[in-house]
Amino acid sequence: MKKLSLVICVYNEEDNIIPLSEQIVRNLDNYDFEAIFVDDGSTDETRKRILSIPDERFMMVQLRKNYGQSSALAAGIGQAEGEYIVTLDGDLQNDPSDIPAMLKLAEDEDWDLVAGIREKRQDGMMLRLIPSKIANYFIRQSTGIQMKDYGCTLKVYKQEIAKDLGLYGELHRFIPVLASLEGATITQMPVKHHARQFGKSKYNLNRTVKVISDLILMVFLKKYMQKPMHLFGGYGIAMLIIGGLINIYLLVLKLMGQDIWGKPILILGMLLMVAGIQIITIGIVSEIQVRTYYESQNKTPFKVRKVVKTNSTSEVTKGVC
């Protein structure tokens, strides 16, 4: 097994390929590594530049079209064979010289994921830096995972964690949350960050709505993935109770001879009752789906890090059940 697998997603980065490959070789030549460029449907000379790299440790995964960063990362990780998998941007803003220190930290302290923190970001203040800080704050508060920089692509993972992330859609922004769902131990360290020299950034503020919708999904997965009834059942029961109290109140008024037909509170009471029943039903269906998800794939709702015999320093088993 190779020591390192680098996964680099690129989309129209023709001028960055050769300089990045040279930096990788210069900083990692003493390691047994492979570098996987994932071409996410580029329309320029990116593919030709990758294939022109005169080093057999480099390879290219070419996607049929532009699927987005999450799918590209998943494709690259699927091909990776290294004991540790490193993800980094293909725009020269991440620095491969940080990888040895991150790998050493992961090995020495047995971390599953070491994430970079871009301390001196070389990005635009209004379009990148401020929106990123706001997004990081809301993600920390919503998920409870205290990461300083969710947006830094430079990360080092143990292979088993990277392979189990389940990346799809636009969830690459929430990799620490996905790793946490797998029971990963996570730490951070400062890394260098450079200004973009070639090409154009693919970032724009249109991503804001996607981030918010994905954040809602992450909060659900983090807190209720294994117990959806606790979410839907709680709200459903609350609606049923409120709706029932309203209807009892209206029944008392009716028995006292008052006309309750057409009152807005009557409509509210009936809506709450119906909505409560529907939400509880969704919770039951979700619980059945969770059971199907685990049992159909022989998965367990827990992860075992290691099993160690007493009075012994040897590890009997290590990995994931």
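1. A residue here is called buried when its relative accessible area is under 20%, exposed when over 50%, and partly exposed in between. With that in hand, welcome to this structure, which is a predicted model.

2. Let us start with a charged pair. The side chains of arginine 47 and aspartate 39 meet in a salt bridge, at 2.9 Å from N to O. Arginine 47 has 27% relative accessibility and therefore counts as partly exposed, whereas aspartate 39 is buried at 0%. Side chains of opposite charge can pair when their charged atoms come close.

3. Another such pair joins lysine 48 and glutamate 45, whose side chains form a salt bridge of 3.6 Å, N to O. Lysine 48 is exposed, with a relative accessible area of 59%, and glutamate 45 is partly exposed at 34%.

4. Which parts of the chain does the salt bridge between aspartate 98 and lysine 192 tie together? The two side chains meet at 3.0 Å, N to O. Aspartate 98 sits in the loop between β4 and α4, and lysine 192 in the loop between β7 and α8, so the pair links parts that are 94 residues apart in sequence. Aspartate 98 is buried, at 8% relative accessible area, while lysine 192 is partly exposed, at 36%. A search of the whole structure finds 12 salt bridges.

5. Now have a look at strand β6, residues 155–158. Lys155 and Tyr157 point one way from this strand, Val156 and Lys158 point the other way, and all are buried. Strand β4 (residues 84–89) runs antiparallel to β6 and is joined to it by four bridges; within that pairing, tyrosine 84 has lysine 158 as its bridge partner. Strand β5 (residues 113–118) also pairs with β6 in the antiparallel sense, over three bridges, and here alanine 115 stands opposite lysine 155.

6. Leaving aside residues up to four places away in sequence, threonine 87 touches Val7, Leu73, Thr153, Leu154, Lys155 and Tyr157.

7. Finally, the surface. Ile237, Ile241, Leu245, Ile248, Val252 and Met256 make a nonpolar surface patch of about 610 Å². One of these, valine 252, belongs to helix α9 (residues 228–255) and counts as partly exposed at 42% relative accessibility.

Conventions:
Residues numbered from 1 in each chain as written. Predicted model: local features only at pLDDT ≥ 70, side-chain atom pairs only at ≥ 80, totals over all residues. Heavy atoms only, no water. Buried < 20%, exposed > 50% of the residue type's maximum accessible area, 1.4 Å probe, protein only. Helix = DSSP H or I, 4+ residues; strand = E, 2+ residues; numbered from the N terminus. Pairing = 2+ DSSP bridges. Patch = residues over 30% accessible without salt bridge, like charges linked within 9 Å, V, L, I, M, F, W, Y side chains within 5 Å. Areas by Shrake-Rupley, 256 points an atom, 1.4 Å probe, with all protein chains shown as cover. Salt bridge = Lys/Arg side-chain N within 4 Å of Asp/Glu carboxyl O. Contact = heavy atoms within 4.5 Å.
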